Structure formats: C-alpha cells, structure tokens
Amino acid sequence: MTTEAVKRSTDWLAGAGLRPTRQRVALATLLVGDGQHRHVTAESLFSDVQDMGESVSLATVYNTLKAFCDAGLIQEVTVDGSKSYFDTNTHDHPHFFWEGEDRLTDAPSEELQISQLPKAPDGAEIASVDVVIRLRRTE
C-alpha cells in the first residue's frame, strides 16, 4: 500500500463519517486506493485482502461492504438474485454482466434510453431503477 493510496482511502472513509479502522482502510485501499472505480464481490475482495497479507475474515468483508453501502460510498448491484457486486461508482449508470465470466462492467449510460416506467402500485414509489444488460460472447 502506498502512502498516497492509504491517504485517498482514509479521506474517502472520513468523507462519509466512517472511522478508519485497520480493516476498513485495507479494504478501502483495495477499492479506491488508485482512484479507479471497481466492481468486486465480497469473495474477490476477501481474496485480494488476503493476498495483501491482511488478516480480515470474510464476515468482516461482508459487514464492511454493507457499512460502505449504508454510508453511500459504494452501491450494491445484484445479479441473478443471489450474486452481489459492489461498485465504487455511485452515480446512476447501467451495467454489463458478462455471462460465463461472472464479471460486471459499466455500460455507456449515454446510449441508454428509458422512455417510460410503469406506474408504481398504490402506496408505493419507485426508489431506483437498476439496469443490468447480460452479455454472452459470440466467439
């Protein structure tokens, strides 16, 4: 971990009012330390933090990702109802899910057009719209 990456990570946590514990800083550094956006699963982040030499349990990774979501630092994108990806880009945007590769990437939002949504049932309002476009390689 570079000093710059750790500073970026602790600033990211502080901006959301989260205490920079050792485990949070380690996970945040993997997520935003280089300033690039990431799409990760809890399992892939757990593997990366283990490779870094940090002792963090998988349960802690899940709990920390939930805390980051609750603080608005990342968003959860659910694929197939059972697999969740966590995205450091919190702006509304569509995603490509690469079937067979279990990979999530950003889709170009400027090309997406949603002209109308169905009316929400009585007593409900639309909280958000998630767009996941599934791709399959043709080659």
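Guide: Let us look at helix α4, whose buried residues are covered by elements that include α1 (3-15), α2 (22-32), α3 (42-51) and β3 (83-87); helices (H or I, at least four residues) and strands (E, at least two) are DSSP runs numbered from the N terminus, and a contact means heavy atoms within 4.5 Å. The model is predicted, so that local features need a pLDDT of at least 70 and side-chain atom pairs count only at pLDDT 80 or more, while totals for chains, interfaces and linings use all residues. Residues are numbered from 1 along each chain as its sequence is written, and side-chain values use heavy atoms, with hydrogens and water left out.

Helix α4 holds 13 residues, 58-70, and at 1.5 Å a residue it should span 18 Å, which agrees with the 18 Å between its end C-alpha atoms; the expected span is 1.5 Å times one less than the number of residues. Its buried residues are V61, T64, L65, A67 and F68, where buried means under 20% relative accessible area, exposed over 50% and partly exposed in between, with a 1.4 Å probe and protein chains only. These residues lie on the same side of α4, because they cover an arc of only 160 degrees around the axis, the arc being that of the directions from the helix axis to the C-beta atoms. The face turned away from the buried side of α4 carries N63, K66 and D70, which are exposed. Just after α4, G72 takes a positive phi of about 80 degrees.

Helix α4 also contributes to a pocket. The second largest pocket, with a volume of about 170 Å³, has α3, α4 and β3 as the elements that give two or more residues to its lining. A pocket here is an open set of points on a 1 Å grid over the protein atoms alone, with protein on both sides within 12 Å along at least five of seven lines, and its lining residues have an atom within 4 Å of a point; grid points are joined across faces, edges and corners, and the volume is the space filled by probe spheres set on them.

One of the elements that cover α4 is α1, and the cover of the buried residues of α1 in turn includes α2 and α4. In α1, the buried residues are A5, S9, W12 and L13. Seen down the axis of α1, they fall within an arc of 95 degrees and so line one face of the helix, while T3, E4, A14 and G15 are the exposed residues on the face turned away from them. Just after α1, G17 takes a positive phi of about 75 degrees.

As for the setting of these helices, the protein chain has 4 helices and 6 strands, which run α-α-β-α-α-β-β-β-β-β from the N terminus on. Of its 139 residues, 33% count as buried.

Terms used
On a 1 Å grid over the protein atoms alone, a cavity is a set of points where a 1.4 Å probe fits but cannot get out, and a pocket is an open set with protein on both sides within 12 Å along at least five of seven lines; lining residues have an atom within 4 Å of a point.
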